[in-house]
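The chain is shown below.

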Amino acid sequence: KGELRMQSLTFDDAGMYQCIAENMHGIIYANAELKIVASPPTFELNPMKKKILAAKGGRVIIECKPKAAPKPKFSWSKGTELLVNGSRIHIWDDGSLEIINVTKLDEGRYTCFAENNRGKANSTGVLEMTEATRITLAPLNVDVTVGENATMQCIASHDPTLDLTFIWSLNGFVIDFEKEHEHYERNVMV
């Protein structure tokens, strides 16, 4: 296929490569530059979020995305405790930390450590738990005669430190109340 494969690259492999294809009708050239990238992990361009919110009883993924080449190995700690994969905690291959069934005990300072053969770095964020948002009064099925009006209610409880937004959809499509104001009306009760 005219394919060139290289394994276990070193800095000596960097440079301009040229592919030459020829037959009895002529010859054609194509050039490409191969750059070898190697850098220790750094969080300068993409630090961890300083504050991460997680809903009580829910699931949270804390991202760890340093710039590094080659790809670093990841480890995590909560405070001074080194974290390992378990029934509720999982460290993904991309460095993200997943916690399921979040409880108050999961709150605290989380640090992601990234290390490759060029060096190491870490970044820290604080996980805070919020009360889960729950629908306390769900819309009920409504039978109406054609041409009449119908009213549906939705009431939810939520953590008082967070804002709450209600989004209505019809058959999976979000209703745009501004564009469809002649047909739909939103009444917000405080």
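Ile-20 stands opposite Tyr-29 of strand 2 in this predicted model. The two strands concerned are strand 1, covering residues 15-23, and strand 2, covering residues 26-34; they pair in the antiparallel sense over nine bridges. Two residues lie between strand 1 and strand 2, and the two strands form a hairpin. In a regular strand the side chains alternate between the two faces of the sheet. Cys-19 has a relative accessible area of 42% and is therefore partly exposed.

## Overall architecture

The protein holds 16 strands and zero helices. Its radius of gyration is 27 Å, whereas the globule rule gives 16 Å for 190 residues; the value is well over that figure, so the protein is more spread out than a compact globule. The C-alpha trace spans about 80 × 60 × 30 Å along its principal axes. The domain assignment gives domain 1 as residues 40-130 and domain 2 as residues 133-189. Between the C-alpha centres of domain 1 and domain 2 the distance is 37 Å.

Buried residues account for 22% of the 190 residues. Among contacts between residues at least 6 apart in sequence, 51% join residues that are at least 24 apart.

## The disulfide

Which cysteines form a disulfide? Cys-64 and Cys-112 do, with their sulfur atoms 1.9 Å apart. The pair links distant parts of the chain, 48 residues apart: Cys-64 lies in the loop between strand 5 (59-62) and strand 6 (67-69), and Cys-112 lies in strand 11 (residues 108-116). The structure holds one disulfide. The torsion about the S-S bond of Cys-64 and Cys-112 is about -75°, so this disulfide is left-handed. Are Cys-64 and Cys-112 buried or exposed? Both Cys-64 and Cys-112 are buried. Cys-154, by contrast, is partly exposed, because its relative accessible area of 21% is not under the 20% that burial requires.

## Salt bridges

Side chains of opposite charge can pair when their charged atoms come close. The count for this structure comes to six salt bridges.

| Salt bridge | Closest N and O atoms |
|---|---|
| Glu-3 with Arg-5 | 2.8 Å |
| Arg-88 with Asp-106 | 2.8 Å |
| Glu-107 with Lys-104 | 3.3 Å |

Asp-106 is buried, with a relative accessible area of 6%, whereas Arg-88 is partly exposed at 28% relative accessibility.

In the salt bridge of Glu-3 with Arg-5, Glu-3 counts as exposed at 55% relative accessibility, and Arg-5 is exposed with a relative accessible area of 71%. In the salt bridge of Glu-107 with Lys-104, Glu-107 is partly exposed, with a relative accessible area of 26%, while Lys-104 counts as exposed at 53% relative accessibility.

## Backbone geometry

Most residues other than glycine have a negative phi, and most peptide bonds are trans.

Where is a cis peptide bond found? A cis peptide bond joins Ala-69 and Pro-70, with omega about 0°. Pro-70 is located in the loop between strand 6 and strand 7 (73-78).

Ser-8 has a positive phi, near 50°, in a residue other than glycine. Ser-8 is placed in the segment before strand 1. Its relative accessibility is 71%, so Ser-8 counts as exposed.

Asn-101, which is not a glycine, has a positive phi of about 50°. Asn-101 is partly exposed, with a relative accessible area of 45%.

How values were computed: Residues numbered from 1 in each chain as written. Predicted model: local features only at pLDDT ≥ 70, side-chain atom pairs only at ≥ 80, totals over all residues. Heavy atoms only, no water. Domains from an automatic or database assignment. Pairing = 2+ DSSP bridges. Helix = DSSP H or I, 4+ residues; strand = E, 2+ residues; numbered from the N terminus. Disulfide = S-S within 2.5 Å. Buried < 20%, exposed > 50% of the residue type's maximum accessible area, 1.4 Å probe, protein only. Salt bridge = Lys/Arg side-chain N within 4 Å of Asp/Glu carboxyl O. Rg over C-alpha atoms; globule rule 2.2 N^0.38 Å. Contact = heavy atoms within 4.5 Å.
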